[in-house]
Amino acid sequence: MIRTLRPALRPALSALALCLSLPACAQQPAPPARAANDADPALWVVKDKDTTVYLFGTIHVLKPGLTWFDEAVKTAFDRSDEVKLEIVMPDAAAMQGLVQATGVAAPGTPPLTQRLPEAKRAAFTKAVTDLGLPANALDTFKPWLAATQLSVAPLSKLGYDSDNGPEQVITAAAKQANKPLTGLETPEQQLGFFGSLSDKAQLDFLVSTVDELPKLNDQMASMVDDWAKGDPDALAREMNDELKSSPEVAKVLLTDRNARWAAWIKQRMTRPGTVFVAVGAGHLAGPESVQAHLAKLGVKAERVKY
């Protein structure tokens, strides 16, 4: 159903500081920082006479050495009175508890390996053991959680780290500047979106994740490059086009959320102030983007020029 790992990664990573906090996800040390590279990710603004909302698209994990929190992005952040993320992460123990409560299969459910198509079981087992885990380590998980575990855990081996991601940087900057920091969703809500997927959609999500794991390095590099160049059209193709093959996943994880966030922005425009909104970059690209939903509500988002 989801034919590449890329659309899986976009929603998964936003919730998956959670995955990286689970004991099963044994992280590897990140490689030494590379030479600094300048990035100019895309930024939009919605304005009226007394309200400004900036829209910034993030990549949830990055390698060290990529500079992006400067120029237009930093100026927009500094001008803002408050900051909105997709979610504000609770502490690791609380998030791990939520994941365990929502992502573990009910007692009596057959082991996950047995629920997969027989032709995919060996590849799934190899993906698990390649992480240094026992072959049955994910067998009690719901398919969506196993898929996100397998999507995210290998990234640390490739040098990616959520500590370098924009959410962490923005969170730290907001706290240092004493800016109010809140989420467009709660962690419970975001995990609930995954859990609300049908069993078939979850299993297809897992199968496609296993199929695409060998391409993870190239796919992540391409996504980060599109983001760093501020190319939302290319990013939309990378992250969202394949969701067309899964109407259920596209509706739950992309379209419906973008529509709700656009409605929140329109409502926020009725009060004065300046808000910095940072969400996954895939939400700000393509025909179902937040900006597209804003346009349907009569609200125009303009690209900020560097």
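A residue counts as buried when its relative accessible area is under 20%. By that definition, strand β3 is mostly covered, since eight of its eight residues are buried. The structure described here is a predicted model. This briefing begins with the sheet that contains β3, then turns to the helices that pack on that sheet, and ends with two contacts between helices.

**The sheet as a whole**

- Strands of a sheet pair through backbone hydrogen bonds, and the pairing is either parallel or antiparallel.
- In this model, six strands form an open sheet in the order β6-β5-β7-β3-β2-β8, and the pairing is mixed.
- The edges are taken by β6 (181-183) and β8 (302-303); each has a single partner strand, so one side of each has no neighbour in the sheet.

**Strands β3 and β7**

- Strand β3 covers residues 51-58 and pairs with β7 in the parallel sense over eight bridges.
- Two positions illustrate this pairing: T52 stands opposite T274 in β7, and F56 stands opposite A278 in β7.

- Strand β5 (residues 82-85) runs parallel to β7 and is joined to it by four bridges. Within this pair, V83 has F276 of β7 as its bridge partner.
- Strand β2 (residues 43-47) pairs with β3 in the antiparallel sense over five bridges. V45 has Y54 of β3 as its bridge partner.
- Strands β2 and β8 run antiparallel and are joined by two bridges. W44 has R303 of β8 as its bridge partner.

**Helices on the sheet**

- Helix α3 (residues 71-79) packs on the sheet and touches β2, β3, β5 and β7; its direction makes about 130 degrees with that of β7.
- Helix α13 (residues 247-268) lies across β3, β5 and β7 and runs at about 175 degrees to β7.

**Helices packed against each other**

- Two packed helices are described by the angle between their axes and by the distance between the axes.
- The axes of helix α4 (residues 92-103) and helix α9 (residues 187-195) come within 10 Å and cross at roughly 30 degrees. Angles under 35 degrees count as roughly parallel, and α4 is therefore roughly parallel to α9.
- The crossing of α4 with α9 is right-handed.
- In this contact, M95, L98, V99 and T102 of α4 meet P187, E188 and L191 of α9. By class, the residues comprise five nonpolar, one polar and one charged.
- Helix α9 also packs with α13, at an angle of about 140 degrees and with the axes 10 Å apart. The two helices are therefore oblique to each other.
- The residues that make the contact are Q190, F193 and F194 from α9, together with V252, L253, R257 and R260 from α13. The contact of α9 with α13 has four nonpolar, one polar and two charged residues.

Definitions and conventions:
Residues are numbered from 1 along each chain as its sequence is written. This is a predicted model: local features need pLDDT of at least 70, side-chain atom pairs count only at pLDDT 80 or more; totals for chains, interfaces and linings use all residues. Side-chain values use heavy atoms; hydrogens and water are left out. Axes are lines fitted to C-alpha atoms, for helices over the stretch in contact, and angles run from 0 to 180 degrees between N-to-C directions. Angles under 35 degrees count as roughly parallel, over 145 as roughly antiparallel, 65 to 115 as roughly perpendicular and the rest as oblique. A crossing is left-handed if the near helix is turned anticlockwise from the far one by less than a right angle, and right-handed if clockwise. Contact means heavy atoms within 4.5 Å. Ala, Val, Leu, Ile, Met, Phe, Trp, Tyr, Cys and Pro count as nonpolar, Asp, Glu, Lys and Arg as charged, and the others, Gly among them, as polar. Two strands pair if DSSP finds at least two bridges between them. Buried means under 20% relative accessible area, exposed over 50%, partly exposed in between (1.4 Å probe, protein chains only).
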